[in-house]
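Subject: Handover of a structure and notes on its contents

Dear colleague,

I am passing on to you the structure below, together with a short account of what was found in it. Please keep it open as you read.

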Amino acid sequence: MTRPTPEARTAYPHHHPTPTRWADNDVYGHVNNVTYYAYFDTAVNAYLAARGALDPHAGTVIGLVVETGCAFFAPAAFPELLSVGVRVAHVGRSSVRYELAVFREGEDAACAQGHFVHVYVDRGTRRPTELPAELRAALEGLRAD
């Protein structure tokens with residue numbers, strides 16, 4: 001497996017400001033690896049909610065994470081203001097592959113980058129369902145070119 005190299009901010013069409021919290025640091029003095037997944041999830045869901053494509057409490061369709069991955073290049077720590085870059089690499093009938101990168105303030109190269117795949121399912125049956133039109137429209141602004 002080839003190790004990825006850090007990408008630039010410009011590779012991501014949307015950026016979500018993400019301040020680190022005291023609790024994000026681990027005993028080694030940097031943001032713990034699992035925290036990056038929370039940053040990813042927050043950036044994607046905040047983007048979708050702001051565009052009316054996600055209603056976490058009453059929406060009929062919800063996204064379930066079925067795959068994740070992350071590569072780390074440089075540490076981040078509290079107190080820092082980070083930015084999470086978001087793009088969409090693939091849109092299927094019921095799934096989306098999001099690609100994300102974390103940037104430290106003032107730096108162009110990612111300190112971490114990863115991906116996750118959402119399969120969108122009916123809230124009640126938990127069976128895959130076609131992506132709603134408002135979700136597809138919101139994803140257009142995140143397409144990787």
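The notes that follow cover the sheet, the helices, the cysteines and the salt bridges. Please bear in mind throughout that this is a predicted model.

The sheet

Five strands make up an open sheet, arranged in the order E1-E3-E4-E5-E2 with antiparallel pairing. Its edges are E1 and strand E2 (61-72), each of which pairs on one side only. From one strand to the next, the twist averages 25°.

Strand E3 (residues 81-91) is mostly covered, with eight of its 11 residues buried. It runs antiparallel to strand E1 (residues 14-19), to which six bridges join it; within this pairing, Val86 in E3 is the bridge partner of His14. E3 also pairs with strand E4 (residues 95-104), again in the antiparallel sense, over nine bridges. Here His90 stands opposite Arg97 in E4. Three residues lie between E3 and E4, and the two strands form a hairpin.

E4 in turn is joined by eight bridges to strand E5 (residues 112-122), and these two run antiparallel. In this pairing Val96 is found opposite His118 in E5.

The helices

Helix H1 (residues 33-50) packs on the sheet and touches E1, E2, E3, E4 and E5, its direction making about 55° with that of E5. H2 packs on the sheet as well, touching E3, E4 and E5, and its direction makes about 120° with that of E3.

Ala138 lies in helix H2 (residues 133-140). With a relative accessibility of 7%, below the 20% limit, this residue counts as buried. Leaving aside residues up to four places away in sequence, Ala138 touches Tyr47, Leu48, Arg51 and Ala53. Of these, Tyr47 is 91 residues from Ala138 along the chain, yet their C-alpha atoms are separated by 8.4 Å.

The cysteines

How many disulfides does a search of the whole structure find? The search finds zero. Cys70 is partly exposed, at 22% relative accessibility, whereas Cys111 is buried, with a relative accessible area of 1%.

The salt bridges

The structure holds nine salt bridges. One of them joins Asp24 and Arg21, whose closest N and O atoms are 2.6 Å apart. Asp24 is buried, with a relative accessible area of 1%, while Arg21 is exposed, at 51%.

Another salt bridge is formed by the side chains of Glu130 and Arg93, at 3.6 Å from N to O. This pair links distant parts of the chain: Glu130 is in the loop between E5 and H2, and Arg93, 37 residues apart from it, is in the loop between E3 and E4. Glu130 is partly exposed at 44% relative accessibility, and Arg93 is partly exposed at 45%.

Glu107 and Arg104 also form a salt bridge, with their closest N and O atoms 3.9 Å apart. Both count as partly exposed, Glu107 at 33% and Arg104 at 22%.

With kind regards

Key:
Residues numbered from 1 in each chain as written. Predicted model: local features only at pLDDT ≥ 70, side-chain atom pairs only at ≥ 80, totals over all residues. Heavy atoms only, no water. Helix = DSSP H or I, 4+ residues; strand = E, 2+ residues; numbered from the N terminus. Buried < 20%, exposed > 50% of the residue type's maximum accessible area, 1.4 Å probe, protein only. Contact = heavy atoms within 4.5 Å. Disulfide = S-S within 2.5 Å. Pairing = 2+ DSSP bridges. Axes fitted to C-alpha atoms, helices over the stretch in contact; angles between N-to-C directions. Salt bridge = Lys/Arg side-chain N within 4 Å of Asp/Glu carboxyl O.
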